[in-house]
Amino acid sequence: GATTRWKRPEPRTHVVEIRHMKFIPSEITIAKGDKVVWVNKDFFAHDVTGKDDSWSSKPFQQNETWSMVITEDLSYYCNLHKVMKGTIRIK
């Protein structure tokens with residue numbers, strides 16, 4: 001096959017806000033290797049936990065952040081408030 005010599009774009013940072021008991025946006029599509037930063041805008045602590053429970057942030061408070069470099073499709077939720085769910089897809 002032909003080899004393409006595309007320069008890999010610089011990883012981007014995407015922000016997901018936590019407010020009103022929701023991840024906003026709840027679904028995002030990003031490039032492999034991009035970073036997602038969750039910002040807690042709620043009055044109480046939240047966390048970010050993989051759907052299969054293989055990874056988790058610690059609970060973080062209002063105006064605190066937590067970030068992760070994404071290398072695969074992920075579904076996640078808040079282990080403290082299980083109604084809160086989010087999805088990250090690699091394009």
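A residue is called buried when its relative accessible area is under 20%, exposed when that area is over 50%, and partly exposed in between, with a 1.4 Å probe and protein chains only. The model is predicted, so that local features need pLDDT of at least 70 and side-chain atom pairs count only at pLDDT 80 or more, while totals for chains, interfaces and linings use all residues. Residues are numbered from 1 along each chain as its sequence is written, and side-chain values use heavy atoms, with hydrogens and water left out.

By the definition of burial, both Phe23 and Tyr76 are buried, the latter with a relative accessible area of 2%. Trp38 is buried too, at 0%. Aromatic rings of Phe, Tyr and Trp (its six-membered ring) are taken to pair if their centres lie within 6.5 Å, and the pair is stacked if the planes are under 30 degrees apart, edge-to-face if over 60 and tilted for the rest. The structure holds four such pairs. One of them joins Phe23 and Tyr76 edge-to-face, with 4.8 Å from centre to centre and 75° between the planes. Because Phe23 lies in strand S2 (residues 22-24) and Tyr76 in strand S7, this pair ties together parts that are 53 residues apart in sequence. Trp38 and Tyr76 also pair edge-to-face, at 5.3 Å centre to centre and 80° between the planes. Phe23, Trp38 and Tyr76 belong to one aromatic cluster, which also includes Trp55 and Trp66.

The strands named here are DSSP runs (E, at least two residues), numbered from the N terminus, as are helices (H or I, at least four). Two strands pair if DSSP finds at least two bridges between them. Four strands form an open sheet in the order S3-S8-S7-S5, with mixed pairing. Strands S3 (27-30) and S5 (49-50) stand at the edges with a single partner strand each, so one side of each is left without a neighbour in the sheet. Strand S7 (residues 74-78) pairs with strand S8 (residues 81-90) in the antiparallel sense over five bridges.

A salt bridge is a side-chain nitrogen of Lys or Arg within 4 Å of a carboxyl oxygen of Asp or Glu, and by this rule there are two. One is between Glu27 and Arg89, at 3.0 Å from N to O; this pair links distant parts of the chain, with Glu27 in strand S3 and Arg89 in strand S8, 62 residues apart. Glu17 forms a salt bridge with Arg19, the closest N and O atoms being 2.6 Å apart.
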